[in-house]
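Visitor: Please show me the model, and let us then go through it with a few questions.

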Amino acid sequence: MKKNVFMMMVVVLSFTMLAGCSKNKSSRSVSTDGSTSMEKVIGILGEVFQNDTGISFTYNPTGSGSGIKAVQEGRCDIGLSSRKLKKDEIESGLKGTILAYDGIVIIVNPANSVSDLSLENVAKIYTGKITNWSEVGGNNGEIILIGREAGSGTRDGFESITGTKDACKYRQELTSTGDVITTVSQNPNAIGYASLAAVKDSVKALTVDGVAATKETIKNGSYVVQRPFILVTKTDTPLSEAAQNFFAYITSPDANALISKAGVVPAN
Amino acid sequence: MRRICSRPSIFCFGDFIMAKKKKTSTEQVIHSTEPQGINLDHSKKKQILENIVHGIFLLLGLIAVGCVLLITVYLFISGVPAIHKIGIVDFLFGREWASTAADPKYGILPFILTSIYGTAGAVILGVPIGFMTSVYLSKIASPRVKSVMQSAVSLLAGIPSVVYGLVGMLVLVPGIRKVFNVPDGAGLLAAIIVLAIMILPSIIKMSVTALDAVPKEYEDASLALGATPIETYFRVSVPAAKSGIAAAVVLGVGRAIGEAMAVMMVAGNVPNMPDSLFQSVRFLTTAVASEMAYSSGLQRQALFSVALVLFMFIMLINATLNFFLKRDGNK
């Protein structure tokens, strides 16, 4: 019985995923394509936009690289990238507009005496080169690495910023930010990461290279565990009217509340 | 009376009942003019109605069967290609799972072994407790104790698995860390304990039913021959109910192997080989559930293949259950 329910869920889930794959480019719709990490923020914005204007909105979660390519080839209106555009991409006629910043906070248990780590040490801890808190000035205790599941946007962001892609030696891979925070708050030797908006008092946020994570430090770039969420457009072809409306709406200060709701820091 | 029931729906029931109520008065009137014709017509109509109702019930029954068929076919269609692409040996016996790495690896042996170990552990822990409880409830407990304990067991069955997971995460995992003095409590042992508690209700309920069904004469005969009550329960009642108890155990196994949510919150979810009780491990169910949301391409197909393997396990368990139940029924 239980199994059947689970399988049904799988089936339903896969249909909902398929539903996202439309590529029509009519004037009454806006299509976006790209970063899976931006799913939450662009989803909220798109939904509100669609409700307010009646213009249909589609989002195809393919990844930053594919999103940029899709704009280049004209397969979507706006590409979504969670990394800065490369030089050759800009030269090929693409323009990046920063929508928001994704700040990732490194969290430890409140009982932990460590309060600052360098970015390099964070990477060393997560790749298993540093295994004891005493090596970074804390009490003697094995460091317990808590992370997110493969495919999670936060994990992808954290690993790409710290340069630890596919090299993290996790002790636990949890499926939600809430679970990460709960687990870290339960284990005095645990370390984890979570988006800025989700961090609560039950855990201690570390400063990285001496800078605490706040909206301001993330925006001005002094807090380093962060990455921009970028809207990619073409410089030579103008956006359709609908896409233009959408672009103007999400980059206006009116959208800031929604962007903050998605757990990221608005850029405008 | 001669209204023809054209809509094959619930309305026909209404017509039918109305017709039945009016029967006495109308029949008398019609009886004088056309006695035989109307009787024939009436029974024919009844037959049609009967057929329609049968049809409706059959259709409703087919919905369930259709769902099972649809899911089976869908799982095979979406699960087989990835197995073919990865290679069945590499897939089933590969020791490494790194689905999002630059050089992805799709070996599910760690998941299979974890699911088997986890289920076995839960059975080893849960079955003795469940079995003894059911003997106590069925044979020894006073009616009042029995009713209180049975409602407690039913309540245990009704607790959502996410609640088990949450309690496990907040109480069990830190508890294991302190008691066994290990760096982190999340892992195979935590999952086994949670699963053992979760399978208790199914085992207890089904075993109690089986034990209650043992004819009282068997026990009376044993007692009359001088056996003590405890001897009677274990030498007479339990052997007589052994098919039902075995079915209860198999049902527990099925529940344990299919559980995802609670396990996901306490097992750590890192695709390690389960070579220690405190190892952070990933089950077949959690492998699918944790990665499905963001997966794409071959990774997604491989997750369907994992689900297919899980489905095979469940089929095997169901077949075993049917075997025990049938054997019981034939006796």
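Guide: Two residues are in contact here if their C-beta atoms, placed from the backbone, lie within 7 Å. The model is predicted, so local features need pLDDT of at least 70 and side-chain atom pairs pLDDT 80 or more, while totals for chains, interfaces and linings use all residues. Residues are numbered from 1 along each chain as its sequence is written, with chains lettered from A and ligands numbered from 1 in the order in which they are written.

Visitor: Which element gives the largest share of the side of chain A that touches chain B?
Guide: In this interface, 29 residues of chain A are in contact with 33 residues of chain B. Helix 1 (2-19), strand 7 (172-174) and helix 7 (177-186) of chain A are the elements that give two or more residues to that side of chain A, where helices (H or I, at least four residues) and strands (E, at least two) are DSSP runs numbered from the N terminus. The largest share, nine residues, comes from helix 1 of chain A.

Visitor: At what angle do helix 8 and helix 9 of chain B pack?
Guide: Helix 8 (residues 216-224) and helix 9 (residues 229-240) of chain B have their axes 9 Å apart, the axes being lines fitted to C-alpha atoms over the stretch in contact and the angles running from 0 to 180 degrees between N-to-C directions. Among the residues making the contact are B:Tyr218 of helix 8 and B:Val236 of helix 9. The packing angle is about 145°.

Visitor: How many helices does chain B have?
Guide: Chain B, with its 331 residues, has two strands. Its helices number 13.

Methods
A residue is buried if 20 or more other C-beta atoms lie within 10 Å of its own, exposed if 12 or fewer, and partly exposed in between; C-beta atoms are placed from the backbone.
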